[in-house]
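Here are my notes on this model, as numbered points. Please keep the structure open while you read.

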Amino acid sequence: MTEAEQDKAPDLSSLEQEGEIAADYVEGLLDIADIDGDIDMDVEGDRAMVSVVGLKGNELVGPAGEVLEALQELTRLAVHRQTGERSRLMLDVAGYRERRRAELTKLGTEIANQVKDSNEPKSLHPMTPFERKIVHDAVAAAGLRSESEGEEPQRYVVVLPV
């Protein structure tokens, strides 16, 4: 990390503050919706992580994580409103993101192996930035390159042969 990147990187106390603000915001939303759930906070790398655990359904995840993505954006806006800083906060509900991470890591590895065998590039379906990052990491771990192409929300990963 360069000195300029270190100056921009949030420190632990500011990430913890982001997590606190986000947790309060999400807890307020749960109260309004009369949904029972507990909030866990953590800091992973350079981002605050807030998880809602103990839910009895996945209405806060929605199809393909769409509701979760919207809740995450609202939570990031709430943090921004209080801190004045852009947040990279990650919100998880009922372990959805961890399960999705495992699925996408497996997919990225499988696609990388297919590309190695065929020596032909392969495009995947559109994904969120979170999902694309996981696939890019899995492809890199398999020794290949990948790129994102297209415009949001139809941006997708292309796995390239060596």
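1. Start with the helix pair. In this predicted model, helix H4 (residues 96-118) packs on helix H5 (residues 129-141) at an angle of about 45°. Their axes are 8 Å apart. The crossing of H4 and H5 is right-handed.

2. Next, the contacts of that pair. From H4 come Arg97, Arg100, Arg101, Leu104, Thr105, Gly108, Thr109 and Ala112. They meet Phe130, Glu131, Ile134, Val135, Ala138 and Val139 of H5.

3. Aspartate 117 also sits in helix H4. Is aspartate 117 buried or exposed? Its relative accessibility is 71%. The cut-off for exposed is over 50%, so aspartate 117 counts as exposed. Proline 161 is 44 residues away from aspartate 117 in sequence. In space, the C-alpha atoms of aspartate 117 and proline 161 are 9.1 Å apart.

4. On annotation: UniProt, in an unreviewed entry, places the feature "domain: R3H" at residues 98-162. That span is 52% helix and 18% strand.

5. Now the cores. The largest nonpolar core has 18 residues. Leu30, Val52, Leu55, Leu60, Leu91 and Val93 touch the most other members. Two or more residues each come from helix H2 (12-33), strand S2 (47-53), helix H3 (66-83) and strand S3 (90-93). H2 gives the largest share, four residues. A second, separate core holds 16 residues. Among them are Val115, Phe130, Val135 and Val157.

6. What does valine 52 touch, leaving out residues up to four places away in sequence? The partners are Val26, Leu30, Gly37, Asp38, Ile39, Leu91, Asp92, Val93 and Ala94. Of these, Leu30, Leu91 and Val93 are, like Val52, among the residues that touch the most other members of the largest core.

7. Finally, the whole chain. The protein has five helices and six strands. Along the sequence they follow the pattern α-α-β-β-α-β-α-β-α-β-β. The C-alpha trace spans about 50 × 45 × 25 Å along its principal axes. Of the 162 residues, 36% are buried. Take the contacts with a separation of 6 or more: residues 24 or more positions apart account for 55% of them.

Notes: Residues are numbered from 1 along each chain as its sequence is written. This is a predicted model: local features need pLDDT of at least 70, side-chain atom pairs count only at pLDDT 80 or more; totals for chains, interfaces and linings use all residues. Side-chain values use heavy atoms; hydrogens and water are left out. UniProt positions are given in the numbering used here, feature names are shortened, and annotations may be inferred rather than shown by experiment. A nonpolar core is a set of buried Ala, Val, Leu, Ile, Met, Phe, Trp, Tyr and Cys residues joined through side-chain atoms within 4.5 Å. Buried means under 20% relative accessible area, exposed over 50%, partly exposed in between (1.4 Å probe, protein chains only). Contact means heavy atoms within 4.5 Å. Axes are lines fitted to C-alpha atoms, for helices over the stretch in contact, and angles run from 0 to 180 degrees between N-to-C directions. A crossing is left-handed if the near helix is turned anticlockwise from the far one by less than a right angle, and right-handed if clockwise.
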